Amino acid sequence: MHLSDLHFGAHDERLVQAVEKQVDELKPDLVVISGDFTQRARTEQFREACAFLDRLRESGHEVIGVPGNHDVPLYDVLRRFLSPLARYRRFIDDNLCPFVELPGLAVLGVNTARSLTFKDGRINQDQVVFIRDTFGRTPRDSFRVLVTHHPLFALEVAGETAPAIGRQELALDAIQEAGVDMLLAGHNHHASSHSASDLVTRAGGALVVQAGTATSTRVREQEQSFNCIDVGDASVTITVNAWKGESFVPSDAQRYGWEEGRWRIAPAEAAH
């Protein structure tokens with residue numbers, strides 16, 4: 001399950017409870033949260049996010065996450081620049097670049113939130129080396145997933161183009177060198193999936209998967225949602241589970257197949 005943009009402090013408690021119910025019912029191998037656990041990085045908001053994570057883990061679910069720009073204090077200037085992710089480390093995870101290996105699957109999270117940018121994210125050379133080295137230690141046949149809060153690519157959202165991550169060229173080098181199969185991100189509150197090569201010619205064949213906001217009251221054209229991702233042999237199915245007023249309902253499923261070095265949408269007859 002791929003969740004994003006929980007925004008505790010600007011959340012709907014009904015949605016939080018519904019997400020927990022879905023996690024219990026679907027029993028995913030892994031829950032991935034791609035940032036923005038809080039609305040304004042305040043202690044009480046982090047406590048709420050921590051309690052949510054504790055409930056998931058106490059129910060037996062494995063969870064991996066990365067910070068988002070909203071997890072860096074906005075108005076507390078001293079904390080923003082001196083210890084921007086201190087509360088995140090205390091309440092969510094001390095590791096800003098977590099790594100999980102499951103049979104046939106390797107998932108690495110990388111922090112793209114920065115103190116100097118209020119909204120946009122960046123990647124740096126040290127992170128490029130870390131991505132390459134970490135995935136380099138995984139089995140060659142592992143399905144490799146990179147998790148960031150900020151999308152690596154410019155994407156159209158609500159009729160506007162949301163910018164790509166800062167230092168995109170470094171990011172593209174990293175995913176190609178590391179043989180990344182899938183990129184998970186959030187930030188835009190808009191669910192979508194694309195082949196990377198459809199977005200940027202030299203981007204390679206990775207599958208770009210965006211999650212909408214799972215529990216926030218702040219939406220952009222789409223209702224709240226989360227993704228269910230099923231990885232098979234040379235195929236991936238992404239199902240968007242959208243909020244329909246009383247529960248999350250599977251509303252859109254797209255199957256991709258690996259063909260000629262990239263992920264391509266499977267023919268309609270093959271998706272059933």
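Tutor: Happy to! Two strands pair if DSSP finds at least two bridges between them; helices (H or I, at least four residues) and strands (E, at least two) are DSSP runs, numbered from the N terminus. This is a predicted model, where local features need pLDDT of at least 70, side-chain atom pairs count only at pLDDT 80 or more, and totals for chains, interfaces and linings use all residues. Residues are numbered from 1 along each chain as its sequence is written, and side-chain values use heavy atoms, leaving out hydrogens and water.

Student: Which residue in β11 stands opposite Ser-193?

Tutor: Start with the pairing: β10 and β11 (residues 207–210) run antiparallel to each other over four bridges. In β11, the residue opposite Ser-193 is Val-209.

Student: Which strands stand at the edges of the sheet?

Tutor: The open sheet has six strands with mixed pairing, in the order β4-β5-β6-β9-β11-β10. Each edge strand has a single partner, so one side of it is left without a neighbour in the sheet. The edge strands are β4 (99–102) and β10 (192–195).

Student: Is Asn-95 buried, exposed or partly exposed, and what is its relative accessible area?

Tutor: Asn-95 lies in the loop between α4 (86–91) and β4. Buried means under 20% relative accessible area, exposed over 50%, and partly exposed in between (1.4 Å probe, protein chains only). Asn-95 is therefore partly exposed, its value being 38%.

Student: How far apart in space are Asn-95 and Gly-65, C-alpha to C-alpha?

Tutor: In sequence, Asn-95 and Gly-65 are 30 residues apart. In space, their C-alpha to C-alpha distance is 9.4 Å.
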